[in-house]
Amino acid sequence: MRGRRRRTANIFELSKKVGTVLQDSDGQFIGLTVGEDIAFTLENDCEEQGRMKEVVQNVADIVDMGTLLNSSPFELSGGQKQRVAFAGVMVNDVEILLFDEPLANLDPATGKTAIDLIDRIQKQYQKTVVIIEHRLEDVLYRDVDRIIVVSDGRIAADMTPDELISSDILINLGIREPLYATALKYAGVRVTPDMHPGHLATLDMERVREPLQKWFQSRKPRGTAPEQEDILSAEHLSFQYTKKRKILQDINFHIKAGEMVSIVGTNGAGKSTLAKVICGFVHEDEGALYFEGESMADWTIKERSQKIGYVMQNPNQMICKPMIYDEVALGLRLRGTPEEEIGPKVEKALKICGLAPFRKWPVSALSFGQKKRVTIASILVLDPKVLILDEPTAGQDYRHYTEIMEFLKGLNAQGVTILMITHDMHLMLEYTPHAIVISDGKKIGDSTAVDILTDEEIAGRANLKITSLYELAKMAGIDDARGFVQYFIDYEREVHRG
Ligand SMILES: Nc1ncnc2c1ncn2[C@@H]1O[C@H](COP(=O)(O)OP(=O)(O)OP(=O)(O)O)[C@@H](O)[C@H]1O
Ligand SMILES: [Mg+2]
């Protein structure tokens, strides 16, 4: 760092040069209000009051939190917290900005804005920016100079996006490459750096149009699955935390037994709130919920928890025992399960979540991602029929992401109905055939994931991102671009199965 060896600089000196947005933004809150929090570092530097207010308002506006400066950090949705953490770093005049999974809790459009913002700051102020992220395609929305791929503590690659996308490095490491790049490979295109595949916008279409069209024409029609009964449904559901502001408004939906569904939408739309209403943590003001056709109005939290498991967005809010084993065993102990039955169940859940080696560890020694897996394990041991996961993969590296998703897929194949709140459009497309879109407390979409991610109107309203597959198809002159996306998904399922 500017000729200074990192080891000899202390953390205070370092923080003046390197601004870091941590992955677990909870640990970063200090102020009583959003404004105070953003101002904190400035206050430390004895900035004058008037200017401080101006600077804080400016950065808050940049991240779209300008109207919430007086809110408590604890009332914020997951993504809103992330934005505040983001703003807190922006106010500082540091040389190096380090972002640790900045996109983890942001909806795709806000993620795009975030990447735009990082790009602008880098260009305008000549900062060095390091982004740690596994949503590669989303980061590549703006130009990056180099991508360093780290695997098992070693550097597996250090090259330009064009070179990396042309290589097999990502695939060999089990890392998701941008979807359009995978489509090119399925269509038999030999991708090379001189085609500029690092971004969809720079890709040389002349050389890929024909193979893409041929590949799409080779598709075969497929059958449809038989319809199941409703397991969970909502009728005219409404809820508000305070009199001031409506959160959920007239929500209706039907979830069939055995489905895998994603719930998507803007930061602060009400997704986590919906999950809390379903679990009975808060009570609906109007409307009703049904489980297998029976009204849940009189069901207690405990009764609901026997059918529906909820893995919360923030693991820190869920964990209450100091030791991992006890945390995972807690639910069974509360149910009065005999201790000799608890042991094997806990072991199994720990193993499934990749935590078996840590069974005797304290929770405090775990990373954010590992904590998240502890909370998944603690719900899994209870054997729910419906599992709701709030951003299950946020903060997971790619290996754990794939492990968790493959594991959930396996669970789903055994009949567990799975609802997933997510901002990850790849996840939605790959794993959940059915998607429900919430925007500003209202349901604005309810269809197949492919339909949603190729619908520009809905995507625009709900801060989603149209899949790059759709854009690729359109650029290749394929009229049925939606059909192209569906074919890609079906093809990929076949590839994975075969
Ligand atoms: N305990 C609370 N008291 C008051 N308002 C709250 C509370 N929890 C959440 N809210 C507000 O309710 C709205 C919906 O929040 P919710 O957490 O359901 O959003 P979300 O869709 O899960 O967003 P994200 O994608 O950012 O996690 C937000 O505007 C939030 O500020
Ligand atoms: Mg949420």
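The model is predicted, with local features needing pLDDT of at least 70 and side-chain atom pairs counting only at pLDDT 80 or more, while totals for chains, interfaces and linings use all residues. Residues are numbered from 1 along each chain as its sequence is written, and chains are lettered from A and ligands numbered from 1 in the order in which they are written.

Start with the domains. The assignment gives domain 1 (6–133), domain 2 (161–218 + 468–498) and domain 3 (230–466). Those bounds come from an automatic or database domain assignment.

Now ligand 1. Its shell holds 18 residues, and Ser77, Gly78, Gly79, Ser272 and Thr273 come nearest. Near means a C-beta atom, placed from the backbone, within 6 Å of the molecule. By class, the shell has 4 nonpolar, 11 polar and 3 charged residues. Gly counts as polar here; Ala, Val, Leu, Ile, Met, Phe, Trp, Tyr, Cys and Pro are nonpolar, Asp, Glu, Lys and Arg charged, and the others polar.

Which helices supply at least two shell residues each? Helix H4 (78–90) and helix H11 (271–279) do. Helices are DSSP runs of H or I, at least four residues, numbered from the N terminus. Domain 1 and domain 3 each give the shell at least three residues.

Next, that domain pair. Their C-alpha centres lie 28 Å apart.
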